[in-house]
Amino acid sequence: ENTDVFVFKELAPVLVEEMKRRDDEQWTQLIDDLTHKLQKEHSKSLQDIMETQQKIPLTKGVQQLLELLHGNQFDIYVVSDANTFFITSILEKHGLDKFIKQIITNPSEILEGKYLKIKTLCGNLRPTHSCSTCPVQMCKGEIVKEILQQYNTAGSVGGEGVGVVLYVGDGGNDFCGVKEIGKEGGMGVCAYTPVAAARAGYRLPKLLDTHKEEVESRGVRVCVWLVTVYPFVRWHTGRLTDTLAVCVCVTDTPLDFRTDTCALVIFC
């Protein structure tokens, strides 16, 4: 489910129709305006919104995946075009917030103790980005680049090497993020294995296929998953003896790679 749409579909379906009529507007500002209408004109409370978000079913296997990755000291980031209120409502409901190293998304705040206000990430918490292809509220490529810069050029943090950077996404605005995990312009060698896990049936795998040559030149390995994000890849580490396997993949075979070092996982 799309968190930005689900709450309106459940609490005020007429606002979904309005969303469709206004789909040429800046998305984050549109969601903020519709949320304002949901509360003021449809008398839905902050609690109603939170409880509705918490009804959204998790992608099959994602809870087990987060538990396993966190338990093996993987650094997990969430980069999302939703907002802090929607995301934290869901993560806290399922007890998953403790597994996340950092959430980077559009900020939200509570006004007068009861009204939800949603703002754009860029222009509020971050400066306006320079990407010509991403929506104005955020460029996931720039964010991913900053995440990677937290780890030195040798691909290590705290003295431990980073063996894999895994990017899990589905939308068109994830393409910049996928490119950023690879070696720039096909030049140089990554100090880690860059892997993109794209959800089948969405725009990202189509873009990765259209720009296959560029993605390959950056050294990014692609796995398209269909039913469950857990497990879509056989992943072995020195600390992880159980196999992260059995996936329904569109690709011919699951990726199979080994690393005795830590990894970064970016969910988008």
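This report walks through a predicted model of one protein chain, from its overall make-up to a few local details.

**The chain as a whole**

The chain has 268 residues, and 50% of them count as buried. Its secondary structure consists of 10 helices and 11 strands. If we take the contacts with a sequence separation of 6 or more, 66% of them join residues 24 or more positions apart. The accessible surface comes to about 13,000 Å², and carbon and sulfur atoms supply 48% of that area.

Now turn to helix H1 (residues 3–11) and helix H2 (residues 13–21). Their axes come within 5 Å and cross at roughly 135 degrees, which means that H1 is oblique to H2. On the H1 side, the residues in contact are Asp4, Val5, Phe8, Lys9 and Leu11, and they meet Pro13, Leu15, Val16 and Met19 of H2. Sorted by class, this contact has 7 nonpolar residues, 2 charged residues and no polar ones.

**A hairpin with two faces**

Next comes a pair of strands, E3 (residues 108–111) and E4 (residues 115–118). They pair in the antiparallel sense over 4 bridges, and Ser108 stands opposite Ile118 in E4. Together E3 and E4 form a hairpin, with 3 residues between the strands.

Ser43 sits in the loop between helix H3 (27–40) and helix H4 (46–53). Are these two residues buried or exposed? The table gives their relative accessible areas.

| Residue | Relative accessible area | State |
|---|---|---|
| Ser43 | 61% | exposed |
| Glu112 | 68% | exposed |

So Ser43 counts as exposed at 61%, and Glu112 is likewise exposed at 68%.

For a contrasting setting, find Ile90 in helix H6 (residues 84–93). Ile90 has a relative accessible area of 12%; this is under 20%, so Ile90 counts as buried. Which residues does Ile90 touch, leaving aside those up to four places away in sequence? They are Thr3, Gln53, Ile56 and Leu58. Ile90 also lies 5.0 Å from Gln54, C-alpha to C-alpha, although the two are 36 residues apart in sequence.

**A covered strand and its partner**

Finally, look at strand E7 (residues 193–199). E7 is mostly covered, as 5 of its 7 residues are buried. Its partner is strand E8 (residues 221–225), which runs parallel to E7 and is joined to E7 by 5 bridges. Within this pair, Ala196 stands opposite Val222 in E8.

Definitions and conventions
Residues numbered from 1 in each chain as written. Predicted model: local features only at pLDDT ≥ 70, side-chain atom pairs only at ≥ 80, totals over all residues. Heavy atoms only, no water. Axes fitted to C-alpha atoms, helices over the stretch in contact; angles between N-to-C directions. Parallel < 35°, antiparallel > 145°, perpendicular 65-115°, else oblique. Contact = heavy atoms within 4.5 Å. Nonpolar A, V, L, I, M, F, W, Y, C, P; charged D, E, K, R; others polar. Pairing = 2+ DSSP bridges. Buried < 20%, exposed > 50% of the residue type's maximum accessible area, 1.4 Å probe, protein only. Areas by Shrake-Rupley, 256 points an atom, 1.4 Å probe, with all protein chains shown as cover.
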